[in-house]
Amino acid sequence: FDGAAVWVVRPARFYRPTFAAYDNFCKCNLIGTPDKEMTGMSALLPASAFADGAAPDATKHLRAAEHLQALLEGGAQRLREEPPEGVERLGLGLEGGAGVELLDLERPLVLVAFSKGCLVLHRLMMELHAPATRQLLARTCEVHWLDSGHNGKRGAWPSRSLQVWKELGDAAPKIYVHTTDYQLQDEGRPWIGQEHENFVNALVALKIDNAVTHYEASEPDGGHSNTTASSRRSSAALSTAGGVSDEGLRQHFELLYRFRR
């Protein structure tokens, strides 16, 4: 993302050092698994929930687009008030020039979510009827789903929201789907692979602008192999009776730097 301001949104908390919990965007249990509102079969809030005068509900303060916008505005304001040391040396002065441009929150957005962090994108999909979500997506040009999954029983790939996404027409950002066998071939969570297949099929059926890539294991010489979702999958064993293999985890985290190559 040359010339971009990269904003990293951390989970609200971690359970032990392993389980991220995005309580700042959706209801989660102790270990960060989303609640039934996020994983229900409908998983799309009706337009009436966002109408003027609608009765407040337990999740009103967690609306994803409003919260994400508030985080961006708060981060930009803090950088203006407390510039990091060395910012002038890097040529990003905040009083003029490139620095001001980087803090311009009206610039086009690219949304990228990884692993359980895709719950944030899922929440945005649930709230497609919200005016704040429509405003956010109007200036978003790309949305990247990187190996979506979590430790629940469903709700990694929200295909039921795609019909409303289609209604955005030309204003809809392009959807990029990036996966590895870490999620799709996990024998302990076969539902993720099935949901992914349903999501991709819905993208095709609805003719939504998309790009789907499945990433194979790194080659011995350090190279990489990428395939489309319909191509063969890696034969490497990524899970064992005792859990996920080291190879599976390596592929999963490698995706963070491979997906833009």
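A residue counts as buried when its relative accessible area is under 20%. By that cut-off, buried residues make up 45% of the 261 residues in the chain. The model is a predicted one. Its chain holds nine helices and nine strands.

**Overall build**

- Take the contacts between residues at least 6 apart in sequence: 72% of them join residues at least 24 apart.
- The chain exposes about 13800 Å². Carbon and sulfur atoms supply 53% of that area.

**Helix H2**

- Helix H2 spans residues 64–81, which is 18 residues. From first C-alpha to last it reaches 26 Å, close to the 26 Å expected at 1.5 Å a residue.
- Its buried residues are Ala64, Ala65, Leu68, Gln69, Leu72, Gly75 and Ala76. These residues lie on the same side of H2, because they cover an arc of only 130° around the axis.
- An α-helix has 3.6 residues a turn, so residues three or four places apart point the same way.
- The cover over the buried residues of H2 includes strand S3 (109–114), helix H4 (118–126) and helix H5 (131–138).
- Arg78 and Glu81 are exposed, on the face of H2 turned away from its buried side.

**Salt bridges**

- Side chains of opposite charge can pair when their charged atoms come close. The whole structure contains seven salt bridges.
- Arg78 pairs with Glu82, at 4.0 Å from N to O. Both Arg78 and Glu82 are exposed.
- Arg189 pairs with Asp186, at 2.8 Å from N to O. Arg189 has a relative accessible area of 14%, so this residue is buried. Asp186 is buried too, because its relative accessible area is 11%.
- Arg258 forms a salt bridge with Glu254, with the closest N and O atoms 3.6 Å apart. The two residues are four apart in helix H9 (residues 246–258), so about one helical turn separates Arg258 and Glu254.
- Arg258 counts as buried because its relative accessibility is 3%. Glu254 has a relative accessible area of 9%, so Glu254 is buried as well.
- Salt bridges with shared partners link Glu247, Arg250, Glu254 and Arg258 into one network.

**Nonpolar surface patch**

- Phe1, Val6, Val8 and Val112 form a nonpolar patch on the surface. Together they have about 400 Å² of accessible area.
- Val6 sits in the segment before strand S1 (13–15). Val6 counts as exposed because its relative accessibility is 64%.

**A buried threonine**

- Thr179 belongs to strand S5 (residues 174–179). Its relative accessibility is 1%, so Thr179 counts as buried.
- Leaving out residues up to four places away in sequence, Thr179 touches Asp147, Trp157, Leu184, His196, Thr213, His214, Tyr215 and Leu255.

How values were computed. Residues are numbered from 1 along each chain as its sequence is written. This is a predicted model: local features need pLDDT of at least 70, side-chain atom pairs count only at pLDDT 80 or more; totals for chains, interfaces and linings use all residues. Side-chain values use heavy atoms; hydrogens and water are left out. A salt bridge is a side-chain nitrogen of Lys or Arg within 4 Å of a carboxyl oxygen of Asp or Glu. Buried means under 20% relative accessible area, exposed over 50%, partly exposed in between (1.4 Å probe, protein chains only). The expected span of a helix is 1.5 Å times one less than its number of residues. The arc is that of the directions from the helix axis to the C-beta atoms. Contact means heavy atoms within 4.5 Å. Patches are made of residues with over 30% relative accessible area and no salt bridge: like charges are joined within 9 Å, nonpolar side chains (Val, Leu, Ile, Met, Phe, Trp, Tyr) within 5 Å. Accessible areas come from the Shrake-Rupley method with a 1.4 Å probe; for residues, only the protein chains shown count as cover.
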